[in-house]
Amino acid sequence: MTDQDTPGDEPPSRSPAGPPVSLDVCVVDVLDATSLAPAALVQSLAERLRRAMVELRAAGELRVRIVADSEMTVLHATHKKDATTTDVLTFDLSNGSGGLDVDVVVCLDEAHRQAAARGHDAGDELLLYALHGALHCLGFDDASEDESARMHEEEDRVLNAIGVGAVFGRPVLDRGDAR
């Protein structure tokens with residue numbers, strides 16, 4: 001999970017400008033562009049992200065778009081010059097405003113693959129991806145080993161605090177594992 005665009009990069013979609021956002025609240029909007037994610041998964045993702053943003057004391061707006069491999073591959077090629085799918089792309093639109101203004105694109109197909117390999121729910125995987133994107137916009141990075149370890153520790157801390165538990169470090173299951 002290292003794909004982050006810099007401020008000024010054009011996001012794949014942008015919600016229309018809404019009313020000013022209070023500095024003590026983070027508005028979270030989740031859109032399933034695939035129409036394949038169950039409504040309960042989308043609602044749960046939005047609610048858990050809201051709790052994560054409270055835990056982080058983040059203010060502003062976090063927009064999450066759930067896409068399939070096909071759309072993610074196009075976005076990855078367009079914005080990162082890599083014509084493969086990826087788990088998450090982050091578009092920081094804050095321009096130093098002090099609050100979050102971020103579009104995060106997460107891949108449902110990749111979430112299903114990773115969740116199946118690790119024996120957990122695809123919703124947990126999507127939550128990890130969206131949280132990862134938000135953390136990029138809150139000053140975390142994963143460009144070096146030390147930065148990556150710090151970022152993943154913060155992901156674990158937040159996910160534990162909201163009752164999900166660590167997701168990133170879950171090992172890939174052996175096919176003989178019974179889960």
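Between which two elements does the loop that holds Arg57 lie? In this predicted model, Arg57 belongs to the loop between α1 (39–56) and β3, and the views below take up this residue together with several other sites.

**View A. Arg57, a residue with positive phi in the loop between α1 and β3.** The phi of Arg57 is positive, at about 55°, although the residue is not a glycine. Arg57 is also exposed, its relative accessible area being 77%, which is over the 50% that the term requires.

**View B. Lys81, a residue with positive phi in the loop between α2 and β4.** Lys81 is placed in the loop that runs between α2 (69–80) and β4 (88–92). Its phi is near 55°, again a positive value in a residue other than glycine, and Lys81 is exposed, with a relative accessible area of 71%.

**View D. Helix α4 and the residues at its two ends.** Helix α4 is made up of 16 residues (122–137), and it spans 23 Å from its first C-alpha to its last, close to the 22 Å expected at 1.5 Å a residue. Because 16 of the 16 residues of α4 are buried, the helix is largely enclosed by the rest of the structure. At the start of α4, a side-chain oxygen of Asp121 comes to within 2.4 Å of the backbone nitrogen of Gly123, while the helix is followed by Gly139, which has a positive phi near 100°.

**View E. The packing of helix α4 against helix α5.** Helix α5 comprises residues 145–161, and α4 packs with it at an angle of about 120°, the two axes lying 10 Å apart. The two helices are therefore oblique to each other, since an angle of 65 to 115 degrees would be needed for roughly perpendicular and one over 145 for roughly antiparallel. The crossing in which α4 passes α5 is right-handed. On the α4 side, the residues that meet α5 are Leu127, Leu128, Leu131, His132, Leu135 and His136; on the α5 side, those that meet α4 are Met151, His152, Glu154, Glu155, Val158 and Leu159.

Key
Residues are numbered from 1 along each chain as its sequence is written. This is a predicted model: local features need pLDDT of at least 70, side-chain atom pairs count only at pLDDT 80 or more; totals for chains, interfaces and linings use all residues. Side-chain values use heavy atoms; hydrogens and water are left out. Helices (H or I, at least four residues) and strands (E, at least two) are DSSP runs, numbered from the N terminus. The expected span of a helix is 1.5 Å times one less than its number of residues. Buried means under 20% relative accessible area, exposed over 50%, partly exposed in between (1.4 Å probe, protein chains only). A polar contact is a pair of N or O atoms within 3.5 Å; within protein, one must be able to donate a hydrogen and the other to accept it, and residues adjacent in sequence count only if both atoms are side-chain atoms. Axes are lines fitted to C-alpha atoms, for helices over the stretch in contact, and angles run from 0 to 180 degrees between N-to-C directions. Angles under 35 degrees count as roughly parallel, over 145 as roughly antiparallel, 65 to 115 as roughly perpendicular and the rest as oblique. A crossing is left-handed if the near helix is turned anticlockwise from the far one by less than a right angle, and right-handed if clockwise. Contact means heavy atoms within 4.5 Å.
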